Amino acid sequence: MIKLDIGARVPVLRVAAASGIACALWMLPLAGSADEPKAATPMTRYEPPKAAPQDSEVKTADQPATAANAAEFSARGIFTSICGLCHQAGGRKQGAGPKLMDDPKSDEELFNRIKFGKPGRMAAFGSAFNDDQIKQLVAYIRSLKPR
Amino acid sequence: MKRWKTQLAGGAKAIAAAALVCVASQAGAADVTSDRLLNAAGEPGNWMMYHGTYRSWHYSALDQVNTANVGRLQEAWSHVASRAYRGLQGFPLAIDGVVYYSSPYNQVYALDGATGQMLWTYKQKLNEDLVAKQTHSPYNRGLAAAYGNIYIGTLDGKLAAIDAKTGKLNWETKLINSEKLTVGFTGAPLVVKDVVIIGSQGGEWPYRGPIFGVNAKTGEELWHFFTVGGNDDNGDARNTWGGDSWKTGGGGGWMAGAYDPETNTVWWGTGNPAPLYDWAGPDWATNGPRPGINLYTTSVVLLDPDTGKLKGYWQEVPHDAWDYDSSIGEFMFVEQGGKKYVVHPSKDGFVYVYDRQANPQKVWPFVKNINFVQSIKDDGTLVGRRDLREGKHDNLCPAIAGGLSWNAGSYNPKTKLFYRVGYEWCIDLEVVKTTPVLEPMAQLNIGAEFKFVPAKGEDRMYAHVDARDPVTGKVSFSIHYDVPPHASLLSTGGNLLFVPGADGILRAYDASNGKLLWSHNDGMGHNGGIITYTAKGKQYIAVMTGWGSLVGDGYGEWFGEPYASYPKDAGVLKVFALP
């Protein structure tokens, strides 16, 4: 249904107060920087603490070790980092991708879907994760319970 | 009226008349020069770049179709794209009576603008193994045209130049090692003078989101600008990323931007940093996966088109912890009260109004439901950030899909109104402390689980197409949509506003007051561009159909049918005219 609202009221911005989390702090005030050499535009910017010395310009060959090799591979962590863009609420809810909790597909079908993807619908992750890691992802999917 | 250069082969006069129509109309894009692009507004019958002109108005002065006769608008012709997974998300071009458009898997078509007759088809040879691994794929947002070439960015990291007359590949240049990094191009290029500018995908990927400048004639890479940490001469920018986080910072510039010829400045929006959500919450300056303000992500950057050097910037969201990137490509150059402004709608739901040097003059909210900040001042300062620590949080607004999205709005210089779709949706989320994902092939680096919900106090998610003063944000009229459109808008000198709906209905409104004047069912949802042009003196309106962007994929869950049943692999270019 489309409702036409001619001469509408100016919408009032309804901005909720900061969330109820007790530790929500104000960010540090932005400090002006009159000495900023780069920006042609004067602007207020936060002055960050100096970081440790950086490596020289990264080449693609220097990309860090793969997640697949990381000792800390965690199915839940991977799900949150990657799968969750489409499989929402940790896989419990349909979003851009289907709900995975209680998925009627077999373990083998889930495994193959993760590894080989589905053209135009889901990426193939077989280059990112080895077979054992994909099995861990399948096990994670099988463990999903409603919240 | 532009004269066509005709090239008649041999002395076959008998077929000369027929050949004239075909060959002459193919000469169009060969004649697109820098001067024509600069003066594009003076050719309302042509649509020569993604945003229409360098001013990004998404407007045409054409008025042959107008409020008095649009009721008689009807289908003129259509073109079916093959293998159209995720639908047609791009903008066509129309040059001297020829329509060019791209479809998924980097296919390009040249069609006679009056009849739809196919002049040529091009299929890019892609590394399909790689494309199979990409999440934000296989769609394409559009083309650029100049010097006899039709330019397209490919999924596997190349810029290709296709001969506008013959549809053969003239050259291609590999810009990104996509096999290693997964990321490639989906955005349309922009031609500025003799440089083709294109930005890579970035936000969710563990790389640095470069924007490239390529010689428009030879294909030689001239420069690149790293949106994450800048280049070597932007040393300070790298220090806004704690530790090594700049190496995998995300960023990107995946929508075509704009150009200010008065200052020779390219305006481009950059994407969000990765991971998208930050478990350190309010301690982000010193703690978490990417401490610091993370330049130049979620920023507007001003680049020299010849060198790629950074001339200026404004970071719309310092240390963006909500995936509100600044990649929206429209930078609308408007004048009001004797002042010159550049108006940039941004994913966070705010519209940033800059002077020509990217100093914010006014920042106003387009949507009602925003709570990641309490407000943003007119000088661009965020007030009352809602930084989300590890743990559960309700009702973050706007949702990860944004309060405004990559589908373009329109500015109409006759009504002096700015039209766009505003989204009222939020997410419940749980921010999770994860090991940073550094493997490029894994892609994505989100850092939270989320689900879409209506804003607190609302009973549903919805959208509204508003007509607003572009500088002050004052509402002239607002059209409520229960199901949010996710296609670009078009307004015309005929006083028409076209809104292609997610429901498959293309609607034409009176641009002055929002009165519905015409509608047509195009067969499935619209998730791409819309233009108007002339061919043989007649005005046409061309719109993309096809569904399945990463935002659109959620509609089945959020809004039910027909969205849940939309085909995933279909797309048709539909073209309308008066009888």
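The model is a predicted one.

Helix α3 of chain A, residues 131–143, contains 13 residues. From its first C-alpha to its last, α3(A) reaches 18 Å, close to the 18 Å expected at 1.5 Å a residue. Four residues of this helix, A:Ile134, A:Leu137, A:Val138 and A:Ile141, are buried. Viewed down the axis of α3(A), the buried residues fall within an arc of 100 degrees, and therefore they line one face of the helix. The face of α3(A) turned away from the buried side carries A:Asp132, A:Ala139 and A:Ser143, which are exposed.

B:Lys133 belongs to helix α3 of chain B, which spans residues 128–133. B:Lys133 counts as buried because it has 24 C-beta neighbours inside 10 Å, and a residue qualifies as buried with 20 or more. Neighbours within four places in sequence aside, B:Lys133 is in contact with A:Ala123, A:Ala124 and A:Ser127 of chain A, and with B:Thr182 and B:Met441 of chain B. Between the C-alpha atoms of B:Lys133 and B:Ile400, which are 267 residues apart along the chain, the separation is 23 Å.

The largest nonpolar core has 210 residues. The members that touch the most others are B:Tyr100, B:Leu143, B:Ala144, B:Ala145, B:Val196 and B:Phe498. B:Ala144 illustrates such contacts: with residues up to four places away in sequence not counted, B:Ala144 touches B:Met49, B:Tyr151, B:Ala188, B:Pro189, B:Leu190, B:Val191 and B:Val196.

The sheets of chain B come next. Strands of a sheet pair through backbone hydrogen bonds, either parallel or antiparallel. One open sheet of chain B is built from four strands in the order β3-β4-β5-β6, with antiparallel pairing. At its edges stand β3 (93–95) and β6 (118–123); each has a single partner strand, so one side of each is left without a neighbour in the sheet. From one strand to the next, the twist of this sheet averages 15 degrees. Three bridges connect β3(B) with β4(B), residues 98–103, in the antiparallel sense. Within this pair, B:Ile95 has B:Val98 as its bridge partner.

Another open sheet of chain B has four strands in the order β2-β38-β37-β36, again paired antiparallel. Its edge strands are β2 (74–80) and β36 (530–535), and because each has a single partner strand, one side of each lacks a neighbour in the sheet. Here the twist averages 25 degrees from one strand to the next. The antiparallel pairing of β2(B) with β38(B), residues 572–577, extends over six bridges. B:Gln74 finds its bridge partner in B:Ala577 of β38(B).

Strand β21 of chain B, residues 350–354, provides a view of an enclosed strand. Five of its five residues are buried, and so β21(B) is largely enclosed by the rest of the structure. In a regular strand the side chains alternate between the two faces of the sheet. In β21(B), B:Phe350, B:Tyr352 and B:Tyr354 point one way, whereas B:Val351 and B:Val353 point the other way.

β21(B) also takes part in two hairpins. With β20(B), residues 339–345, β21(B) pairs antiparallel over four bridges, and B:His344 stands opposite B:Tyr352. Four residues lie between β20(B) and β21(B), and B:Gly349 in the turn has a positive phi of about 100 degrees. With β22(B), residues 360–365, β21(B) is joined by five bridges, also antiparallel, and B:Val351 stands opposite B:Trp364. This hairpin has five residues between its strands, and B:Ala358 takes a positive phi near 70 degrees.

A further hairpin of chain B is formed by β13(B) and β14(B). These strands, residues 210–215 and 221–226, pair in the antiparallel sense over five bridges. B:Ile211 stands opposite B:Phe225 of β14(B). Five residues lie between β13(B) and β14(B), and B:Gly219 has a positive phi near 85 degrees.

Note on methods
Residues are numbered from 1 along each chain as its sequence is written. Chains are lettered from A and ligands numbered from 1 in the order in which they are written. This is a predicted model: local features need pLDDT of at least 70, side-chain atom pairs count only at pLDDT 80 or more; totals for chains, interfaces and linings use all residues. Two strands pair if DSSP finds at least two bridges between them. Axes are lines fitted to C-alpha atoms, for helices over the stretch in contact, and angles run from 0 to 180 degrees between N-to-C directions. The expected span of a helix is 1.5 Å times one less than its number of residues. A residue is buried if 20 or more other C-beta atoms lie within 10 Å of its own, exposed if 12 or fewer, and partly exposed in between; C-beta atoms are placed from the backbone. The arc is that of the directions from the helix axis to the C-beta atoms. A nonpolar core is a set of buried Ala, Val, Leu, Ile, Met, Phe, Trp, Tyr and Cys residues joined through C-beta atoms within 7 Å. Two residues are in contact if their C-beta atoms, placed from the backbone, lie within 7 Å.
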